[in-house]
Amino acid sequence: MEPLRCFLLCLVCLGVLLGCAASEPAPDAAEAPAPDVPSHASGPVYVPELLGAGLAAPRAHALLAELCARAPRRLAGSEGAAHAVEWARESMQRLGLENVRLEDCQVPRWERGAVEELVVVEPSAHAGEHLPILALGGSVATPERGLAAEVIAVASFEELHARAEEARGKLVLFARAMERARLEPFEAYGGAVNQRSSGASEAAGVGALGVLVRSMTFAQDDQPHTGAMNYVQGVERIPAAAVSTNAGDRIRAWLEAGERVVLRLTLDCRTHADVRSHNVVGEVVGRELPDEVVLIGAHLDAWDVGQGAHDDGAGCAHVLEAARLLLGSTLGRPRRTVRCVLFMNEENGLRGALAYRDAHRDELERHVLAIESDRGGGLPLGYASDAALGALETLTALFGGAPWARGGGADISPLAEFGVPLAGLYPNPQRYFDFHHSSHDVLEAVHPRELELGAIALASMAWLAADLDGDWPRNPPRPARR
Ligand SMILES: [Zn+2]
């Protein structure tokens with residue numbers, strides 16, 4: 001397949017993205033960061049044969065509906081995650097993938113528990129009101145009857161350390177919002193998420209008793225968004241929860257008005273021993289170079305609220321539907337093998353990704369490209385990539401323009417140490433964090449046709465990469481991780 005036979009929708013999509021961005025409130029122009037998306041970014045690449053077949057008889061949304069019905073709650077280590085693994089294996093077999101198998105990994109098992117409450121004690125005018133929260137994944141519990149303490153709000157770890165004396169014995173609210181001036185929401189997320197991932201140990205280090213984090217979303221509403229947090233070894237473990245953006249802003253407004261704020265936080269989450277789980281793997285075996293692999297991946301696990309429809313049920317549906325389209329295509333098999341990997345435990349450990357790297361070390365030099373879908377089920381705009389030099393030139397030639405963003409995805413990131421070029425499907429990200437890690441992330445939040453187009457775009461990328469005539473350039477290897 002010549003790249004020229006693919007058609008691109010750059011201008012339409014650029015308009016969609018810029019249109020979305022224009023509806024955000026204007027920041028202080030002097031403080032706005034430089035644009036973080038290249039002006040020559042690609043459109044989605046659609047191979048005509050795959051586009052025709054994928055639109056005429058689409059299956060991605062039906063696959064997503066099955067997953068959401070069968071395993072709506074599927075945090076790693078849970079019963080739901082085991083159901084998701086079975087569903088994935090059965091689906092791959094039913095769709096005709098080859099070499100379908102489960103690959104072992106050990107995963108953490110954390111449970112939210114039955115009680116999570118944040119109740120106002122002071123200001124007295126609001127005493128007894130409940131503020132919406134979700135415990136952060138990995139948090140310890142509070143004492144059974146809760147933890148009542150005065151609250152201070154900070155916008156950064158620097159401010160926390162500057163006010164260390166004041167924070168001792170209190171609940172710390174990390175109140176910094178995702179930066180609206182960024183066009184790329186994942187950049188805005190990356191600029192705020194250290195409050196969630198590391199805030200508890202930072203606050204414990206100055207003697208705080210617990211942590212609240214303003215939810216990682218542009219949405220202004222009452223919906224808390226959970227996510228992973230990590231404790232630093234040797235630092236006291238204190239409980240941590242996300243508050244909705246509205247609740248976080250109310251607390252901060254009370255403090256700015258000079259009120260003393262006292263809240264009672266009650267969590268009964270717990271961590272159990274690690275349990276055995278699995279990545280689920282299947283293949284479309286290549287016609288000429290079956291030992292060379294283009295990996296397409298997504299993650300099966302999801303947070304224990306909502307149904308994980310965008311994160312990352314959509315990615316799982318993209319991968320399975322892409323394989324189905326390739327298997328049924330009039331194009332025949334691509335030269336190389338397309339390997340589908342549905343990873344376990346992306347959300348709170350990345351153990352599946354690390355287990356895949358360790359189990360496949362001997363063949364990673366023959367992984368020519370890895371493509372992940374973990375940015376939701378929105379309308380595809382193009383691709384993201386960390387590829388450099390020759391690999392970037394090859395991707396740009398195949399996909400018709402530059403990547404929209406850096407990186408590929410968390411689950412394929414360990415492959416970077418072996419020089420595997422990484423890429424990601426890049427759907428329109430502007431609404432993604434409205435749903436991410438919250439009760440709003442349900443099947444109804446995913447538009448069927450947008451999801452199908454994402455699957456077709458992924459199938460097209462996989463086809464072009466796997467059928468490339470000539471050698472795939474490597475990336476410079478990155479330092480090993482864990
Ligand atoms: Zn995800």
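At what angle do α3 and α4 pack, and how far apart are their axes?

**View 1. Helices α3 and α4 packed against each other.** In this predicted model, α3 and α4 pack at an angle of about 150 degrees, with their axes 9 Å apart; the axes are lines fitted to C-alpha atoms, for helices over the stretch in contact, and angles run from 0 to 180 degrees between N-to-C directions. The two helices α3 and α4 are therefore roughly antiparallel to each other (angles under 35 degrees count as roughly parallel, over 145 as roughly antiparallel, 65 to 115 as roughly perpendicular and the rest as oblique). The crossing of α3 and α4 is right-handed, a crossing being right-handed if the near helix is turned clockwise from the far one by less than a right angle, and left-handed if anticlockwise. In the contact, Leu63, Glu66, Leu67 and Arg70 of α3 meet His83, Ala84, Trp87 and Ser91 of α4, where two residues are in contact if their C-beta atoms, placed from the backbone, lie within 7 Å. Sorted by class, this contact of α3 with α4 has 4 nonpolar, 2 polar and 2 charged residues (Ala, Val, Leu, Ile, Met, Phe, Trp, Tyr, Cys and Pro count as nonpolar, Asp, Glu, Lys and Arg as charged, and the others, Gly among them, as polar).

Residues are numbered from 1 along each chain as its sequence is written. Since the model is predicted, local features need pLDDT of at least 70 and side-chain atom pairs count only at pLDDT 80 or more, while totals for chains, interfaces and linings use all residues.

**View 2. Helices α3 and α10.** Helix α3 (residues 60-70) and helix α10 (residues 309-328) pack at an angle of about 130 degrees, and their axes are 9 Å apart; helices (H or I, at least four residues) and strands (E, at least two) are DSSP runs, numbered from the N terminus. That angle makes α3 oblique to α10, and α3 passes α10 in a right-handed crossing. From α3 the contact takes Ala60, Leu63, Leu64, Leu67 and Cys68, and from α10 the partners include Ala309, Gly313, Ala314 and Leu320. By class, the contact of α3 with α10 has 10 nonpolar, 2 polar and 1 charged residues. Within α10 lies aspartate 312, and a cis peptide bond, with omega about 0 degrees, joins aspartate 311 and aspartate 312.

**View 3. The open sheet that begins with β1.** The edge strands, each pairing on one side only, are β1 (98-111) and β13 (380-385). Strand β9 (residues 270-284) and strand β11 (residues 336-343) run antiparallel and are joined by 5 bridges, and valine 280 stands opposite leucine 342 in β11. Helix α4 (residues 79-95) lies across β1, β9 and β11, running at about 5 degrees to β9. In strand β1 is asparagine 99, which has a positive phi of about 55 degrees although it is not a glycine.

**View 4. The open sheet that begins with β2.** Here the order of the 7 strands is β2-β8-β4-β5-β6-β7-β3, again an open sheet with mixed pairing. Its edge strands are β2 (116-122) and β3 (133-135), each of which pairs on one side only. Neighbouring strands of this sheet are turned by 35 degrees against each other on average, direction ignored. Strand β2 pairs with strand β8 (residues 262-267) in the antiparallel sense over 6 bridges, and valine 119 stands opposite arginine 264 in β8. Helix α8 (residues 194-205) packs on the sheet and touches β5 (171-174), β6 (210-214) and β7 (240-243), its direction making about 155 degrees with that of β6. In the loop between β2 and β3 lies proline 123, and the peptide bond from glutamate 122 to proline 123 is cis, with omega near 5 degrees.

**View 5. Where domain 1 meets domain 2.** The domain assignment gives domain 1 (3-28 + 38-108 + 274-466) and domain 2 (113-268), and such bounds come from an automatic or database domain assignment. The centres of the two domains, taken over C-alpha atoms, are separated by 32 Å. The contact takes 19 residues from domain 1 and 20 residues from domain 2. On the side of domain 1 that touches domain 2, the largest share, 3 residues, comes from helix α13 (residues 432-435).

Technical notes
Pairing = 2+ DSSP bridges.
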